[in-house]
Amino acid sequence: MVNQLSDPEILQCAAQLLVSSGMLSVYEAERALVGDSCQAIRSDGSTRRFWRLRVDGKPLCIIVAPAGGSPAELAEARSAWLIGNHLRSCAVPVPELYGWDEEKGILAFEDLGDVRLHDLAAKQKGEYFQNAEQISNLYREVLRNLANMQIVGATGFDPAWCWDTGRYDVPLMLERESGYFLRAFCHGVVGQEDTGRVEEEFQDIAVIAGSAPAEFFLHRDFQSRNIMVQEGTVRFIDFQGGRFGPLGYDLASLLIDPYTSLPLQFQEELLDQYVGIIASRCSGCEINFNKYYKFLAVQRNLQIVGAFAFLSKVRGKVFFAKFLLPALVSLRDRLEDSHFSGYRRLHNLVDQGLAVLVNH
């Protein structure tokens, strides 16, 4: 049975963490748990719970707690602690971690504020790329730090820290990406049970994507809502799903992100910049990157559609529903590349899905 944690129990544990870390006195910790000093924060797709703690009106930290106390939830918290500290040691711009309660899975993180890269991009939609110097500069900074995370973050990385799997591979693609797309979107949203043996095409795509060298650190949800902007610099969050993987996947997550719907020309500019960064840091890596990127991007796109379908329909998080159509349009456009011309069953499924969403 899952041990359900009450909010007072969580916050009391958090206070003890902060006292033991030397951040607060016992008196300050008690004050931080009452009234406006403690504010619940909504999450996106996660079931985890978040609070912002303040002292004397100033942000102190973010408290993160699992929904319950299942082994998987506690393992995820452990991964956040171990992977986060590793990435900080590699000069990756992730938040500082102040404390972790292993028994209850509660963590105390540095408070990075509320501004996400998505917020800044969405605010400038329309004039977005007529006067986009700020956005362009931020994305260039993201690319530099992404390359560092992927290359340096892989050094000394221990897959035993991973709560899910230690490596991005073909079985994961088939279960969590193309399989997710089939279950959550084709079956759950479109109501299409006869998928015409499309699994054979998914197997083929996954095998090619799985041939990419996978000795780099992979964030696996590297999109604009997981990139904070604090005082003009970028910071990365939600890294607890990290593992070994290929270079192209995280870049695809950033570029085809439905939250921002970056114009294709800007995506191409960022792709060229990234390849240049990688070529300068990892001799020959750009060759394999170019060889496998399009297949990894399709894998990511399948995962996005599956996730948005599941979160909106099953978990009732309506925020994600409006991004489902842009994600599917992105997948359709990606499949127009000549590399995917032979995957007719997948093309047909996407067309059927588009017809349902457009006429809904």
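**A hairpin to begin**

Select the hairpin of β7 and β8: 2 residues lie between its strands, and E231 there has a positive phi near 50°. Strands (E, at least two residues) and helices (H or I, at least four) are DSSP runs, numbered from the N terminus. β7 (residues 227-230) and β8 (residues 233-236) run antiparallel and are joined by 4 bridges. Which residue of β8 is the bridge partner of Q230? The partner is T233.

This is a predicted model, in which local features need pLDDT of at least 70 and side-chain atom pairs pLDDT 80 or more, while totals for chains, interfaces and linings use all residues. Residues are numbered from 1 along each chain as its sequence is written, and side-chain values use heavy atoms, with hydrogens and water left out.

**The open sheet**

Next, show the open sheet of 5 strands, which has antiparallel pairing and the order β1-β2-β3-β5-β4. Two strands count as paired if DSSP finds at least two bridges between them. Each of β1 (38-41) and β4 (97-101) stands at an edge with a single partner strand, so one side of each has no neighbour in the sheet. From one strand to the next the twist averages 20°.

Now select helix α1 (residues 7-20), which packs on the sheet and touches β1, β2 (49-55), β3, β4 and β5. Contact here means heavy atoms within 4.5 Å. The direction of α1 makes about 50° with that of β2; angles run from 0 to 180 degrees between N-to-C directions, and axes are lines fitted to C-alpha atoms, for helices over the stretch in contact. Helix α3 (residues 71-89) lies across β4 and β5, at about 155° to β4.

Within the sheet, pick out β3 (residues 58-65) and β5 (residues 106-109), an antiparallel pair joined by 3 bridges. I62 has F109 of β5 as its bridge partner.

**A salt bridge**

Select D44 and R116, which form a salt bridge with their closest N and O atoms 3.7 Å apart. The term means a side-chain nitrogen of Lys or Arg within 4 Å of a carboxyl oxygen of Asp or Glu. D44 is in the loop between β1 and β2 and R116 in the loop between β5 and α4 (117-123), so the pair ties together parts 72 residues apart in sequence.

**Two packed helices**

Go on to α9 and α10, which pack at about 145° with their axes 8 Å apart. Residues making this contact include L271 and Y274 of α9 and F289 and Y293 of α10. The contact residues divide into 8 nonpolar, 1 polar and 1 charged; Ala, Val, Leu, Ile, Met, Phe, Trp, Tyr, Cys and Pro count as nonpolar, Asp, Glu, Lys and Arg as charged, and the others, Gly among them, as polar.
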